[in-house]
Amino acid sequence: MKKTYWEEELEGFNRESLENLQVERLNKTLGNAMRSPYYKKLFKAKGIKPGTIKSVAQIRDLPFTTKQDLRDNFPYGFLSLPKKEIIRLHSSSGTTGNPTVIFHNRHDINSWANLMARSLFCAGVRDTDVFQNISGYGLFTGGLGFQYGIERLGCLSIPAGAGNSLRQIKLMQDYGTTVAHAIPSYLGRLYEVFEQQNLDPKKDTLLHTLVIGAEPHTEEQRLRIEEMFGVKAYNSYGLSEMNGPGVAFECTYQNGLHIWEDAFLIEIVNPDTLEPVPDGEYGELVMTTLDREAMPIIRYRTRDITRIIPGECKCGRVHRRIDRIVGRSDDMFIIKGCNVFPMQIEGVLLKIPEVNTNYLINLETINGIDEMVVNVEVNKEWFTGDLRKLDLLAKQITAKIRDEVLAKPIVKLVEPGTIPQPEGKAVRVKDKRNNGLK
Ligand code: ADP
Ligand code: ZN
């Protein structure tokens, strides 16, 4: 039987052929970029000429692009093609300034759908699966981005959209959903609704796989989700500027995320010096689109902190792996002189069985001193009977967090369902400090 493109991708590339393709596509990308008002001006000023790239290392001679550059040139400054050729745009909400918008032509949408199909295949999804996509359809990329990939792979797709847990559960039961995609923070809530209905997703659904992503989460969070739902949960990474989902995906070995290097040229740099860091070391992920025509982006600073996992994956894919994202460079906060990533705290909390998956870190000035107040939901049983036990648990959690991040937190244990949860991605930190020292 004829193999599809995503089945063949396992055998289709070796490192050399991949790098040759990258050079070829990089030259083409620069040629396309040169047609956009923004890069045209920049390339002229810097004497950059498309077609002159001979090796991928030459990427370092090119300028970086930041989110601010995209915003400053909103809406059409990065567009490389006449508007007539554009068939879709996706955009961020723009609550903190101009939104960022990404335009696609037919080729881009097609190539994105292929990348998504390849990603899902990589995580073990097959055309026999019933795939429920629990993400917002609209300007955000998780809805349509997944939808096109699910259809291209040939699954039965259920474009469920986000929210309304009772409806999600009914869809799962009515149509025998085997795979679902959702943000990890939502799955804890969905599980609570299963429980309220006296249902157990392990017994009362046919789910075998969850695709989780779009927000930082820890290995502990993944294990919780796998346990709650009785599934394998695979990490999916992407960002709107690089299409959306379908940038990097875990394979069934769950040992880092393969990043699709025929479509994205990747670098990991020190965010302060912008110099490359050696493989295995953490830094900021920088990406260049290699297969986008309408709106190529060169050396995009994602602000996401990760590392290249050295060595080959057991699955045999040639595309290198990145480690799970520890956070964005701007997620990090400084408290009592210590640098803290929220995911370090999540890692500690979710190792404690009494704690559920919902927590919120408030940074507050109390009596003139900046404190890290960690609100944690713990199982209901803890609030009946001996409250001294609760106190003891809070002390244990305090000590564990202090051991991990070196700053001593104030831990507040609260009942499940008390910490407000946003509709979309989870908010893990609120900075309410007086001096704004972040
Ligand atoms: P926004 O900037 O509004 O969140 P996106 O929807 O494009 O817009 O979100 C992309 C960002 O989400 C990434 O840059 C990264 O910070 C985060 N993200 C996406 N997938 C993952 C993942 N699997 N793990 C951790 N963070 C992720
Ligand atoms: Zn692999």
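## The zinc site

Along the chain, the donors of the zinc ion (ligand 2) follow the spacing C-x6-H-x54-C-x1-C. Donors here are N, O and S atoms within 2.8 Å of the metal (3.2 Å for Na, K and Ca), and water is not among the atoms, so sites may look incomplete. This is a predicted model, in which local features need pLDDT of at least 70, side-chain atom pairs count only at pLDDT 80 or more, and totals for chains, interfaces and linings use all residues. Residues are numbered from 1 along each chain as its sequence is written, and ligands are numbered from 1 in the order in which they are written.

Which protein atoms hold the zinc ion (ligand 2) as donors? They are C251 (SG), H258 (NE2), C313 (SG) and C315 (SG), at 2.1 to 2.3 Å from the ion. H258 sits in strand 9 (residues 257-259), while C313 is in the loop between strand 13 (308-309) and strand 14 (321-322), so the pair, 55 residues apart, links distant parts of the chain. Strands (E, at least two residues) and helices (H or I, at least four) are DSSP runs, numbered from the N terminus. H258 and C313 are both buried, meaning under 20% relative accessible area, where exposed is over 50% and partly exposed is in between (1.4 Å probe, protein chains only).

## A pocket between domains

Now to the second largest pocket, with about 560 Å³ of space. A pocket is an open set of points on a 1 Å grid over the protein atoms alone, where a 1.4 Å probe fits, with protein on both sides within 12 Å along at least five of seven lines; lining residues have an atom within 4 Å of a point. Domain 1 (1-330) and domain 2 (333-436) both contribute to the lining, so the pocket lies between them.

The lining has 24 residues, and Y191, E192, E195, N356 and N379 lie nearest the centre. Helix 8 (184-196), helix 10 (219-229) and strand 18 (355-366) each give two or more residues, with the largest share, seven residues, coming from helix 8.

## Helix 10

Helix 10 is largely enclosed by the rest of the structure, because eight of its 11 residues are buried. Among them are R222, I225 and F229. Just after helix 10, G230 takes a positive phi of about 65°.

How values were computed: Heavy atoms only, no water. Points joined across faces, edges and corners; volume = space filled by probe spheres on them. Domains from an automatic or database assignment.
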